[in-house]
Amino acid sequence: MKRTYSLVLFLIGMGLTQASVAKLNIFACEPEWASLVQALGGSQVTTTVATTAHQDPHRIEPRPSLIAKVRRADLLVCSGAELEIGWLPMLQRQAGNRKVLPGRVGYFETAQQVERLGIPEKLDRSMGDVHASGNPHVHLDPHRLLKIASALSERLITLDPSNTAHYRSRFDDFTSRWQQAVQQWQRIAEPLKGARVVVHHQDWDYLFDWLQIVKAGSLEPKPGLPTSAGHLAKLRQALKEEPAVAIIYTHYQSPKAANRLSQLTGIVALELPYTVGGGEGVTDLFSLYDETLKRLLKVIP
Ligand SMILES: [Zn+2]
């Protein structure tokens, strides 16, 4: 009798172990979110990522291999706010996985968790390829990032309640390391306050908002549109009157326009990592911020 009882207990135990080893399958649209998911989910999640730091997340090819990954996913973690509007809806339609459709618990938009900058007062497509729901490039403000982490951690718990303690402890650990890092970043970034910087695209608005860096112009005459000789001439004139310390771009953008303006003005063109994988040693969100600040501080006189 006793033996049967322990056998039953053993089998129940096996069942529980089985349940807790079934990992959540997560499909992240961009490397920064894959990195955050990994930090929060650890051994309980398997993460695939749709884009690398070398691909423009506004426009990628919705390849069959990506459709297959969305089909298998328990959760999609994407920027949203229309960043992926050119390819993600197509992947979701083709994958036939109802769990991860907009509005379902298996679809998580990071930009929806925070207050967004640059929401147009009036939508006018003649303004360029504007982000109609506001700027979706939210990951370079550490305060917004922590809010996103909190909501994402709760979503993991909703999807996998048997591992609540695991997700809570990882979130607490991430939070304390992140808050400590933010203190340090704010201290070392002090000289960047008020610095004027030219950008390629509006990918840096949240970073600038956090550190009070001033956007001195954009290589894109309108969001999403390529630069032109006329626009560069205007920028050159404006920078003559009020100079800037750098012209920044990232790996997924061609350095041509930044280099051209640099030749015209003598202002240094500077590549920044933008996301995880965008530079040597940029392997997670912490090193992404470290490296971004390090490179920006180098150009401050
Ligand atoms: Zn954009």
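Predicted model: local features only at pLDDT ≥ 70, side-chain atom pairs only at ≥ 80, totals over all residues.
Student: Let me start with one spot in a strand: which residue in β8 does I247 stand opposite?

Tutor: I247 stands opposite A269 in β8. Residues are numbered from 1 along each chain as its sequence is written, and side-chain values use heavy atoms, with hydrogens and water left out.

Student: How do I read the pairing of strands here, and how many bridges join β7 to β8?

Tutor: Strands of a sheet pair through backbone hydrogen bonds, either parallel or antiparallel. Strands (E, at least two residues) and helices (H or I, at least four) are DSSP runs, numbered from the N terminus, and two strands pair if DSSP finds at least two bridges between them. Strand β7 (residues 246–250) runs parallel to β8, and four bridges join them.

Student: What is the strand order in the sheet they belong to?

Tutor: This open sheet of four strands has the order β6-β5-β7-β8, with parallel pairing. β6 (214–218) and β8 (269–272) have a single partner strand each, so one side of each is left without a neighbour in the sheet. On average, neighbouring strands of this sheet are turned by 35° against each other, direction ignored. Helix α10 (residues 285–298) packs on the sheet and touches β7 and β8, its direction making about 170° with that of β8. Contact means heavy atoms within 4.5 Å; the axes are lines fitted to C-alpha atoms, for helices over the stretch in contact, and angles run from 0 to 180 degrees between N-to-C directions.

Student: I also see β1 to β4. In what order do they lie?

Tutor: They form an open sheet of four strands, ordered β2-β1-β3-β4 with parallel pairing. At its edges are β2 (45–49) and β4 (107–109), each pairing on one side only. The twist from one strand to the next averages 20°. Inside the order, β1 (residues 24–28) and β3 (residues 75–78) pair in the parallel sense over three bridges, with A28 opposite V77 in β3.

Student: Which helix lies across β1, β2 and β3?

Tutor: That is α2 (residues 31–41), which runs at about 175° to β2. A39 lies in α2 and touches R170 and F174, not counting residues up to four places away in sequence.

Student: How do I look for empty space?

Tutor: Rolling a probe the size of a water molecule over the atoms shows where empty space is left. On a 1 Å grid over the protein atoms alone, a cavity is a set of points where a 1.4 Å probe fits but cannot get out, whereas a pocket is an open set with protein on both sides within 12 Å along at least five of seven lines; lining residues have an atom within 4 Å of a point. Grid points are joined across faces, edges and corners, and a volume is the space filled by probe spheres set on the points.

Student: How many cavities of 30 Å³ or more does the search find?

Tutor: One. The largest cavity holds about 50 Å³ of space, and its lining includes E30, T51, Y252 and Y274.

Student: And where does the second largest pocket lie?

Tutor: Domain 1 (20–184) and domain 2 (190–298) both give residues to its lining, so the pocket lies between them; the domain bounds come from an automatic or database domain assignment. The second largest pocket has a volume of about 260 Å³. Of its 18 lining residues, D56, R59, H200, E220 and Q253 lie nearest its centre.
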